[in-house]
Amino acid sequence: MYKKAVITISSKDELLDAIFIDGACAGNYWGLHFDTFHKAGFHAQLVTVLGTGDVMDGVEAFKTIHQIIRQNPDKLLKVTHIDDLNTAKREGTLGVICHMQGAENLGSDIGNLNLFYDLGLRVLQLAYNRRNYWCEGCLEPDQSTGLSNLGRRLVSACNETGIVIDGSHCSTGSVLQVCELSDKPVICSHSNAYAVHPSRRNITDEVIFALADTNGVVGVCGFPPFVSSQRPLTLHHFIDHIDHIESLVGIDHISLGLDYFYRDFEEMHIKRMIDIGLWDEETYVTSLPWVWPSGLDDISRIIPCLTSALTDAGYSSSEIRKIFGLNLMRVFSEVWK
């Protein structure tokens, strides 16, 4: 439920120093629509380069992202250090933070982590729904199962290299073990609260507490199947997740992971995603067609709509700035080299 609205933002100037970072956008969708995000006032996005397939699939995907950035130097800036985020905001470009949704592209060789770091990888999600060499996924039957021995070594390697570990799409056991082992903040870049909407892709209160204990964040997700089973979706449904997380661990552990994606998928593609274990019908398909919550459905209006809704919900300008990007900036500054 909404918080009692007791705060008002008297002037738009109070949010002029905000930095707006979207914690998840699928790379193939982003490649078609980055100009829309740029014009809408986004300062940076975690762009999913890939995450499934083999090592060469990952390398080819990075080549594609790099080519897009090179071709649009007036709009895009590759982000590898915290200073790059400030530069993107100052110069009016869109910062591109390379993110892999799953560690399958590493193969079974931790040494490949350095390869992808050199290509620009700065946030690594350990699994995408299904089990891999490193850990258990959130759509596998036993959610108590966590990291493999390789996965435990990967946590240390990410800490040493300067890569943020992302627990979205991973099993409950995997995220809890990562939080226990990691010396650095851990995030779930685009995951909502299971207590608010019991999707298998959402995270339990235990996981939320564990992430906060690492000084990490939860990126509240706009992807329709993970927000609510009610239709039509509104910003009320989205902010319910923010309210719940804030009530558990406070405002310092909330960010955004809007997770924009194609609204309609061809039937053959959906079947393939299910056949290879990346999706299941209950979690992904029963809510088709996907329509983002009103207020998040028009990218050009996201920032003012979300600012207004959060203000009406009782969040102060300083709290909104944390949600919009300052909390993620804190995590990046603690982890990146």
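What does the protein average in pLDDT, and what share of the residues score at least 70?

## Model and confidence

This is a predicted model, in which local features need pLDDT of at least 70 and side-chain atom pairs count only at pLDDT 80 or more, whereas totals for chains, interfaces and linings use all residues. Residues are numbered from 1 along each chain as its sequence is written, and side-chain values use heavy atoms, with hydrogens and water left out.

The average pLDDT (the predictor's confidence in each residue, from 0 to 100) is 94, and 95% of the residues score at least 70. Over residues 1–12, however, the pLDDT is below 50, although this stretch has 34 contacts (heavy atoms within 4.5 Å) beyond near neighbours in sequence in the model.

## Cysteines

The structure holds 0 disulfides, a disulfide being a pair of cysteine sulfur atoms within 2.5 Å. For cysteine 158, the nearest cysteine sulfur belongs to cysteine 135 and is 11 Å away; cysteine 158 counts as buried (under 20% relative accessible area, with exposed over 50% and partly exposed in between, using a 1.4 Å probe and protein chains only) because its relative accessibility is 0%.

Cysteine 170 has its closest cysteine sulfur in cysteine 135 as well, at 4.1 Å, which is too far for a bond. With a relative accessible area of 8%, cysteine 170 is also buried.
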